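Have a look at the model first.

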Amino acid sequence: MRAIIFFGCFLFVAGSVWAQVWEDPWQPASQLHPNPPRYEYGQRPVPSTSESLQGFDAWYQQQREQQRQQHERYRQEALQHELNQMNRLRTYDRLHWGPLQPD
């Protein structure tokens, strides 16, 4: 099975290399890489790198803020749990125990 997968990958890579090497040399460069980008109806142009980075920065900052808020909530819950446990222990220590004999 591995041999079949390997052979298939080999054929795919070899085919793509073959297509690049034996590209039609007589085709003008303007047809290979058209200078002005043409968009079909309904297509949006790919955003520029600076726009992509700004969008990523905004998303990253939002994720960081959400993680910070979640961390703060967990910290508050842990603190509250610790205070509750301390109060329970104080109450337990104040209890007056009688003799351990059946009535």
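Phe56, Trp59 and Tyr60 are linked into a cluster by ring pairs. A pair here means rings of Phe, Tyr or Trp (for Trp, the six-membered ring) with centres within 6.5 Å; planes under 30 degrees apart make it stacked, over 60 edge-to-face, and anything else tilted. By that rule you get 2 aromatic pairs. Phe56 and Trp59 make a tilted one, with 5.7 Å from centre to centre and 35° between the planes. Both residues sit in helix 3 (residues 49–94), 3 residues apart, or about one turn of the helix. Phe56 also pairs with Tyr60: the ring centres are 6.1 Å apart and the planes are at 20°, so this pair is stacked. Phe56 and Tyr60 are 4 residues apart in helix 3, again about one helical turn.

Before going on, a word on where this comes from: it's a predicted model, so local features need pLDDT of at least 70 and side-chain atom pairs count only at pLDDT 80 or more, while totals for chains, interfaces and linings use all residues. Residues are numbered from 1 along each chain as its sequence is written, and side-chain values use heavy atoms, leaving out hydrogens and water.

Now for the chain as a whole. There are 3 helices and 0 strands, running α-α-α from the N terminus on. Those elements are DSSP runs numbered from the N terminus: H or I over at least four residues for helices, E over at least two for strands. Buried residues make up 0% of the 103 residues. The accessible surface (Shrake-Rupley, 1.4 Å probe, with only the protein chains shown counting as cover for residues) comes to about 10900 Å², and 60% of it belongs to carbon and sulfur atoms.

One last stop is a nonpolar surface patch of Phe6, Phe7, Phe10 and Leu11, with about 480 Å² of accessible area together. Patch residues have over 30% relative accessible area and no salt bridge; nonpolar side chains (Val, Leu, Ile, Met, Phe, Trp, Tyr) are joined within 5 Å, like charges within 9 Å. A salt bridge puts a Lys or Arg side-chain nitrogen within 4 Å of an Asp or Glu carboxyl oxygen. Phe6 lies in helix 1 (residues 2–21) and is exposed, at 61% relative accessible area.

How values were computed
Buried < 20%, exposed > 50% of the residue type's maximum accessible area, 1.4 Å probe, protein only.
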